[in-house]
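Me: I have a structure to work through. Let's take it one question at a time.

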Amino acid sequence: MINFDYIRPSTQKAAIDALNKDATSQLIAGGTNLVDLMKRGVTTPQKLIDINNLPLRTIEEGKGIIRIGALALNSEVAENELIVKKIPLLSLALKAGASPQIRNMATVGGNMMQRTRCPYFYDTVMPCNKRQPGSGCGALKGYNRMHAIFGGTETCIAVHPSDMCIALAALDATVVVSSPKGSRRIPFNEFHRLPGSAPQKDNTLQRGELITAVEVPDNAAFVKNVLYNKIRDRASYAFALVSVAAALDLKENIIQNARLAMGGVAHKPWRLTSAENFLKGKTASIAIFQQAANMSMKDAKSYGYNKFKLTLAPNTIVETLKTITGLS
Amino acid sequence: MENNFFDVGFADDLDRVDGKAKVTGTAKYAAEYELPNLTYGVLVDSTITKGSITTINSKAAEAAPGVIAVISHLNSPKIPGYDAGANPVKGPTGGKGLQIFNDNIVHFNGQPVALVIADTFERALHAASLVKVQYKKETHETDLDEAKINVPAIEGQRYNDYLRGEANVYKNAPVKIEAEYTIPIEVHNPMELHATTAFWRGEDKVTVYEKTQGVKSAQRSIMQAFKLTEENVQVNAKFVGGGFGSALRTWPHAIAACIGAKKTGRPLKLVLNRQQMFTMVGFRPHALQKIGIGATPDGKLTGISHEAISHTSQYEEFTEGIVNMSRFMYACPNVNTRYKVYPLNISTPTWMRGPGEATGSFALESALDELAYVLKIDPIELRIRNYAETDPQRNLPYSSKFLKEAYQLGADKIGWSSRNPTPRSMKEGDLFVGYGMGSGVFNASRGTARALARLNADGTLLIQSAVADSGPGTATAMTQVASAATGIPVNKITFELGDSSYPPGPTQGGSTTTSTLGSAVYDASIALNKKIIDLAKENVVFHTTEIHTAKPEDFVFENSNILLAANRSKKMFLADVLKGAGLTQVEVTEESKGSEELKKYASYSYSVHFVKVLVNPATGVVRIARAVSVCDAGKIISPKTAESQMIGGVVGGIGMALMEEGVIDHRYGRWVNNNFADYHVPVQADVPPIEILFVNKPDLIINPIGAKGIGEVSLIGFAPAVANAVYHATGKRIRELPITPDKLIS
Amino acid sequence: MSNDKSFEPEEKQTTLHEARRRFLKHSSAFAAITFASPILVKAAENELDEKASAYFEKVSLQLEVNGVLHKLSVEPRVTLLDLLREQLHLTGSKKGCDYGQCGACTVHVNGKRVLSCLSLAAMQEGKKITTIEGLANGDALHPMQEAFIKHDGFQCGYCTPGQIMSAVACVREGHAENEEDIRQYMSGNICRCGAYPNIVDAIVEAKKGGSKI
């Protein structure tokens, strides 16, 4: 690593000013992804702006929402009374990620900003359009077992590795972002991007903007019947092959409303909107679940080593819905 | 005089003697010694797979803050050992090991091509990224599937076909199985990163803190590399953080550390990073196997044909006994085996826990299971029907074999007979339940070693040998042996190891340490006892006609006392024997080795693994619900550490069966998953409680302590047990490891 | 996979402007520059003067490690793990991977278990660090250490300090109520020797032992 500069401002303004003043600078919060990337030489900021002194850690109730400060630790959010009670799906997803030690360091904002785990992205000797636009995509005809089946392009088939984000996407969270120009709100499903022809941009955050909070609707409908189902190669401390975040608003056996999102399958959390619409008003049954799963696979594409995801993904959707509704 | 060692009951609650050091963090590993003026070395790895280095531009690196030197083939001092043609880091079989910085040839991606030395780790690491290497690339080959078609296999005696009876008898057998099995590259990945800290005391004297499983062999390698005498090379390995075979030989990075330290005149610490743990310290090679087994309808094997293809590097030959188990495990009149190895542009593989047999047993034990289903005979019964009462390959009697007992113990424990043998017939909720078993075997032997035993005036006993312990618990086991043989309580015994100036001990590998060193400790203890007897006979207080005329075997040693067996009131405290003789200590050093008698026997350790799996049919996820492993390792010397050793092998087996796979992108010849996040080893949540049983009957022939080895068989046979259980659960036969979810849902 | 082997390794460019920019940043350095000879400035620009660049490349750091207050000056790029091992000579915390993938470097920072290899030392200002060396009370081992010895919760010992620091935190977090929980919440500590079942037994014993964990 180069010996970068390091500052620790105590106000948001100072942090953003520093970020804007120096194009080679980056913000650091938990550092669990950034320090790793710096060690691998993937990213080489010449200045780190430590934002841990900013007052962005609170978790509180707002009007119809739960507001989670961007610096709240993954472990704190996962065990927070309010979260467990009101947005249990988020708690479940957080607990499925990484390891207890990493969850004690990682922040909500950082979890959203984390980069892909694609080995061709990580290895600076390999071609990667995300890390080095124009250099090619090593995964496309390479070892792509962990890669996207939705929304990929010949330019990039990377997957966003977060578990937390899948739950936030399913729950229609909102990202609150602040900059010298003021603040804006980004619907969670619009925060992360598809690669398109500019895979180097993971999300729609502009340079000089700071994530200050995530707001999640306080919706009693999605408290009782929830599950985060993560399928991985070992029982813990591994990224998802596929994952499903599901919340059903059930009255007796009839689905009033559904929220479904998948991880491990795309450059961004993959919301299963057509399945959600299909399930609305239907009586829960395995056949219905299978239909919902099949229609979710409409645009799925295999790149070789990840062909199994075309089976694993719908199977996991079905299994998740079965488990939630007690039909297994 | 000799205790009847085979009757000794060893305490099963003796804690590991080095436990306190390990749980307090005071145990020091190779990279943890504080030395004055210490420098840090970081290796620069090649980014091409095959070719040659055309230029190395180290100007920016050398100019970087704190950098003291950059060494490469351009400026490396000549290594005396290289000149002689003899390779100091000699490969295990043939060819020359990688002669670091000797020339500009690149043999594999990740080959060390330069060493940067600086005054801090951060500076060395950063400067390494500033070294600019340019290459002339050549076409590489890292794909075994291509090499086996395009390139000739390596020739030599090691690859001669084996034949007993007739070849390929299985093809015409009444019942037969023919199948292919594959294992990927598997990587040891001990927790401790390989490291060497070296410093020279003058031109020709060097001290090395080394991560090694063989203190004396590391010393020899360094002696040969730099043409130094034994007394001028000091190797210390007091604590070693796991090896599993990766530290059985001295690797080029250790030589590089010595080179670097010599060049700067300052101590140098060189630690490999986790990526280099895949490219620089060996791995279990990828292997393709074909097995054909023929039998009569009542399950008598008529023929086994076993063929294996694997790989080595292009500069060195590595071989292992993949197909050997098929020759000696079961009674079968006709056996033919073939083993071929192809050179690839990957670094040289090395022995990894259960080398050869771990790979071969996956094929043989899976194939037998397949045969059992075709025959409709229970898999254990099938093995018993083909039980070898004598070694079928060498036609020798066994020094001991309690495999039948092991089958029974394990089957009873897991409830084997209460399972429904029909595949896909058992469920727990939505999950399919499967039971499977597999056998492991590994050669048991006894090598040569020396041990020192010194009784001090205060009654404490010191035992010393130049052996290293990478985890099995050698010091604890040796303490048990010494205590049983001398009658001195364990808390009065210290076992010292890890220092090349101690009497030469064995390399800790091949499951031979307890047998070899235990015998040496035993012999040293008996020799010490003899000296004490002689002193006791001269002792004024102890002296009587009765004592004076007694023979050595008339005495017993208990609780730090020497007693006359026939008259136990005649006893003396050992410390008093020394005092009476006016001595502050009594010391012996014994060399111990197996007798010629041993050559008349075949000796093996055996294991039987029983596994219960739960398989999710929708997602393909396999979890081990229960593991029962039984071992015939002769007499168990240190029950606590022996059980841990077995558990450790089983955990390794879980990794081998379900998740471990080294991946190289053959387009570039470069590793893709060489890190702990992408190469999966088992974590806590993967492992259920593991039940270990030992037959614990002594081998009366192999050595005076009756012990065989555990380290390899603890893993060998586990992967096929899992594959067999998965078949029983699902009706799907997976013949390619690891058994990941994708393989079960396609 | 196809045999396309045409990709060339990326060329890395050294940027030398960083030294000067950093040099000018700190006010004390700025004062020094005002009065420094042209040679000193030029040397820094060329990254040739180690002492100058070393002086201006560090940040001050005050932190408590195992109850001892340290006042240090560290390069921002130094990790907490390397600070502990290389500068404070507390080698109990281990480097197993250096990328946050194995847990061997686990320490407590302000009572929370974290990975010291991914923690920058400079970011620990004012924090209280506890390493394995700080767990025992003089000669009296911590109940978790004793339990690990009793249940043989280790073999080679390299992952052990991290396991024990993690285990102590796991109990304090309330995540050791049953064996399933223990397995899940200890999965951030890899043990290649496979001592896992014995580690679970040790934690169960330590927790029910009654002593304060």
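Me: How many residues of chain C are in contact with chain B, and how many of chain B with chain C?
Reply: This is a predicted model. Contact here means heavy atoms within 4.5 Å. By that cut-off, the residues in contact number 66 in chain C and 73 in chain B.

Me: What area is buried between chain C and chain B?
Reply: Carbon and sulfur atoms give 55% of it. The total area buried between the two chains is about 5900 Å².

Me: Which residue of chain B meets C:Glu75 in a salt bridge?
Reply: Between chain C and chain B the count is 7 salt bridges. A salt bridge needs a side-chain nitrogen of Lys or Arg within 4 Å of a carboxyl oxygen of Asp or Glu. For C:Glu75 the N to O distance is 3.9 Å, and the partner is B:Arg123.

Me: Which element gives the largest share of the side of chain C that touches chain B?
Reply: Elements that give two or more residues to this side include α4 (50-56), α7 (160-173) and α9 (196-208) of chain C. The largest share is 5 residues, and it comes from α9(C).

Me: How many residues does the largest nonpolar core have?
Reply: In soluble globular proteins, nonpolar side chains tend to be buried together. Here, C:Met144 is among the residues with the most contacts inside the largest core. C:Met144 touches C:Ile164, C:Val168 and C:Ile203, among others. The residue count of this core is 242.

Notes. Residues are numbered from 1 along each chain as its sequence is written. Chains are lettered from A and ligands numbered from 1 in the order in which they are written. This is a predicted model: local features need pLDDT of at least 70, side-chain atom pairs count only at pLDDT 80 or more; totals for chains, interfaces and linings use all residues. Side-chain values use heavy atoms; hydrogens and water are left out. Buried area is the accessible area (1.4 Å probe) that two parts lose on being put together, summed over both. Helices (H or I, at least four residues) and strands (E, at least two) are DSSP runs, numbered from the N terminus. A nonpolar core is a set of buried Ala, Val, Leu, Ile, Met, Phe, Trp, Tyr and Cys residues joined through side-chain atoms within 4.5 Å. Buried means under 20% relative accessible area, exposed over 50%, partly exposed in between (1.4 Å probe, protein chains only). Lists of a residue's contacts leave out its neighbours within four places in sequence.
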